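Please open the model in a viewer and keep the selection tool at hand.

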Amino acid sequence: MAARAAWAGATYDGRVSDPRKRVLLAKPRGYCAGVDRAVQTVEEALKLYGAPVYVRKQIVHNKHVVNTLEGLGAIFVEENEEVPEGSTVVFSAHGVAPEVHEQAKARNLKAIDATCPLVTKVHHEAKRFAKDDYDILLIGHEGHEEVIGTSGEAPAHIQLVDGPDSVDSVVVRDPSKVVWLSQTTLSVDETMETVARLKTRLPLLQSPPSDDICYATSNRQHVVKEIAPECDVVIVVGSTNSSNSVRLVEVALSAGARAGHLVDYASEIQDEWLEGATTVGVSSGASVPEDLVMEVLGHLATRGFGEVTEFTTAEERLTFSLPQELRRDMKKAQAAKA
Ligand code: SF4
């Protein structure tokens, strides 16, 4: 059940809030278990092996996180070829195709796979259905790293369906042996619309054994949907290449917010967005550290939006352990010290 609570963490900057102005702060927001694990993986790898540690692609899609890790000694690259032979490379939370593991082996790289376990679950589903010779319709955004990684598990069996408008171009071998899977960070509503359209063409289409859109994506969308009708503007903290952050702005707008904006930093908030507004909704994508949200609240407080009510629709307690290859090395290092 949704709960509202006056929020004790708001920054008080000495100014008196305008009593008509308020912030509705969405919860859950920010870091999910997969992002937390991926960021910790790079931090722990830096401590254990020393800088530099190479990271293939942005570890998570957030500018601030990437800049911070770069400051600690991580070097972000696009491909394994850019990593010097014999070095340590971390694969990002979005997952990689099997060939990326093979390339790493060929270059004698020490690979640490920070793929979110919920993305790995979709990889396993893809492999299983491909083994049973299904046509797999992967709903997702063309070019997204996660989609490239999942497709790489069974390229001959997977075709991408990029939203409801792509449904008409789907071609399958046997309409009785087709399953849909999805990227983990899509809009829940749009995905259901895509599936409904697919089912009008393919009535025997099978669904994934469990939801592919992850708990963090759907929880963040759900709470934004709840607050949006009360908001003149919704500000989502997140980067433009973060699928789940971009979806939050779309969800806010389609659920009734009069305006929605995505910002990496509080300094990007334009005063004109707040003109005439009395309620501002605030949320953040799954790759966004909480201190960036605090900065947004601080910024809003200076514009008279000092009253913050946190609106909660779910409590999240999921955590994932670090990649086993890293845990193994951490254990060895501890044993060597003892
Ligand atoms: S958004 Fe979901 S799938 Fe992506 S890292 Fe977070 S928990 Fe994993």
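**A tour of selected sites**

Begin by selecting serine 287, which is buried because 33 other C-beta atoms lie within 10 Å, the threshold for that class being 20 or more. The model is a predicted one. Serine 287 sits in the loop that joins β12 (279-284) to α10 (290-302). Next, display its contacts beyond four places in sequence: Val35, Val60, His61, Asn62, Val65, Gly238 and Ser242.

With residues up to four places away in sequence set aside, histidine 94 touches Lys57, Val119, Glu145, Glu146 and Gly149.

Colour the annotated positions next. In the unreviewed UniProt entry, the annotation "binding site" covers His61, His94, His144, Thr184, Ser242, Ser243, Asn244 and Ser287.

Finally, select the ligand and the 15 residues around it, of which Cys32, Gly34, Cys116, Thr184 and Cys214 come nearest. Two or more residues of this shell are given by each of α1 (33-49), α4 (117-131) and α7 (215-227). Which element supplies the largest share of the shell around the ligand? That element is α1, with three residues. Colouring the shell by class shows ten nonpolar and five polar residues, with no charged residues.

Definitions and conventions: Residues numbered from 1 in each chain as written. Predicted model: local features only at pLDDT ≥ 70, side-chain atom pairs only at ≥ 80, totals over all residues. Near = placed C-beta within 6 Å. Helix = DSSP H or I, 4+ residues; strand = E, 2+ residues; numbered from the N terminus. Nonpolar A, V, L, I, M, F, W, Y, C, P; charged D, E, K, R; others polar. UniProt positions renumbered as here; feature names shortened; annotations may be inferred. Contact = placed C-beta atoms within 7 Å. Buried ≥ 20, exposed ≤ 12 C-beta atoms within 10 Å, placed from the backbone.
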